[in-house]
Amino acid sequence: RHSVQLSPESLRKLVDCYGTVHIQLVRTEKGVYTINFLAGSGAILDKLDGSVGFALPADTELSTIMVSCSGGSINWGGQYDPHTQTVTFDASYSGQYEVLENRVSIADVNTLDAQVQDAIAFLVSKGYMSLNGDLFQPDAPLTRYEFAQALVGMFFALDTSLTTSFQDVPADSPYYAYVASGEAGAIIQGYNASTFGGSDPITMEQMLALAARDLGHFFLLMEHKGYTEPADAVSYLSAFYDGTQVSDWARSQIALAIREGLIDRGGMLAPLDRVSRSEAALILYRLFLLLCEVPTVAPELPPVTDSGEDAALEPSPAQQAPAAVSVILPIAGAVCAIAAGAAAAWWFLVKKKK
């Protein structure tokens, strides 16, 4: 249940940047790992210019990754895969990564729809949305700062060393690193080159348009062409009574958001209204599921013998869990060599298929 994953884009970036990179994964105790990225010389890189995907054993959907690194201690999040019982995440920092089940107590969401409650619990457990004490404040408007925090967290893009060009974001703001990281990764947008307006409530069209834009850009980087903006935006917007109120700049992107199910089709869209934190939680949760959709293909199993009885299917030696606790994966040019003593390890290139 341990694996390392590289997208084609990430592999090219690492090769172009470093030539040779060693990825060291050491299990220090149950659920606790040290991940180090090393240059060809063997020197540890505090932060990799790029990212590598990992999957580690986990128990529930509320399993999250807590990271202790040069950037501090961070709830890094991650996506639980019930088929493999793992939590998957992208990492770029060298440091300690601990798999934790982060169950949170939220006092003010019991009257909400069960689907919304689940979305809120999930996002809070991953650190993508925050509580005020034990209160979520579901009816309060979501700010642009809070939206930046959620998006940057979902893309595993937080880099505490970056600075932002937005002049209205104070250096001591708890959201500063999220805004700087979102700006550097083109994950967020300001009103203009110098103004972000982080304390402003985000509107529905701002949220949906930016979420859809990031969705399309993400899968374009992953060399998946299925998330382009629809040419017939009107046909999607017309399902809403007030679809004609969507601003021209946002029409194609919101049509993409509707098509991919980020918001329910039909009814009132209220594009210029503020988005409540509970409304935002459901949209963000749906976005996360699209970004981190786990494979639905069943694993290949050996054929059942025709014995007339139920036969136990034992995994082949190559399918059994690796016995070693330390794996070093060097990347040199286009060749990936794996050494893990006598243990088995898996290296695979993943491309998402719609």
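In which strand is Ala91 found? Ala91 belongs to strand E9, which spans residues 86-93; helices (H or I, at least four residues) and strands (E, at least two) are DSSP runs, numbered from the N terminus. The model is predicted, so local features need pLDDT of at least 70 and side-chain atom pairs count only at pLDDT 80 or more, while totals for chains, interfaces and linings use all residues. Residues are numbered from 1 along each chain as its sequence is written, and side-chain values use heavy atoms, with hydrogens and water left out.

The protein has eight helices and 13 strands. Of its 354 residues, 46% count as buried; buried means under 20% relative accessible area, exposed over 50%, and partly exposed in between (1.4 Å probe, protein chains only). Among contacts (heavy atoms within 4.5 Å) between residues at least 6 apart in sequence, 71% join residues at least 24 apart.

Ala91 counts as buried because its relative accessibility is 0%. Leaving out residues up to four places away in sequence, Ala91 touches Phe37, Gly50, Ser51, Val52, Phe54, Trp76 and Tyr97. Trp76 is 15 residues from Ala91 along the chain, and their C-alpha atoms are separated by 8.9 Å.

Charged residues come next. Side chains of opposite charge can pair when their charged atoms come close. A salt bridge is a side-chain nitrogen of Lys or Arg within 4 Å of a carboxyl oxygen of Asp or Glu, and by this rule the count comes to eight. One of them joins Lys13 and Asp49, whose closest N and O atoms are 3.8 Å apart. This pair links distant parts of the chain, with Lys13 in helix H1 (residues 8-18) and Asp49 in strand E5 (residues 47-57), 36 residues apart. Lys13 is partly exposed at a relative accessible area of 41%, and Asp49 is partly exposed at 39%.

Another salt bridge connects Glu146 and Arg277, with closest N and O atoms 3.0 Å apart. Glu146 lies in helix H3 and Arg277 in helix H8 (residues 277-291), so the pair ties together parts that are 131 residues apart in sequence. Both Glu146 and Arg277 are buried.

Helix H3 (residues 144-154) also holds Arg144. Arg144 is buried yet has no salt bridge; the nearest side chain of opposite charge, that of Asp200, is 5.3 Å away. A polar atom of the Arg144 side chain lies 2.8 Å from the backbone oxygen of Phe196. Beyond its neighbours within four places in sequence, Arg144 is in contact with residues including Gln189, Tyr191, Phe196, Asp200 and Gln206.

Terms used: Lys and Arg count as positive and Asp and Glu as negative; His and the chain ends are not counted. A polar contact is a pair of N or O atoms within 3.5 Å; within protein, one must be able to donate a hydrogen and the other to accept it, and residues adjacent in sequence count only if both atoms are side-chain atoms.
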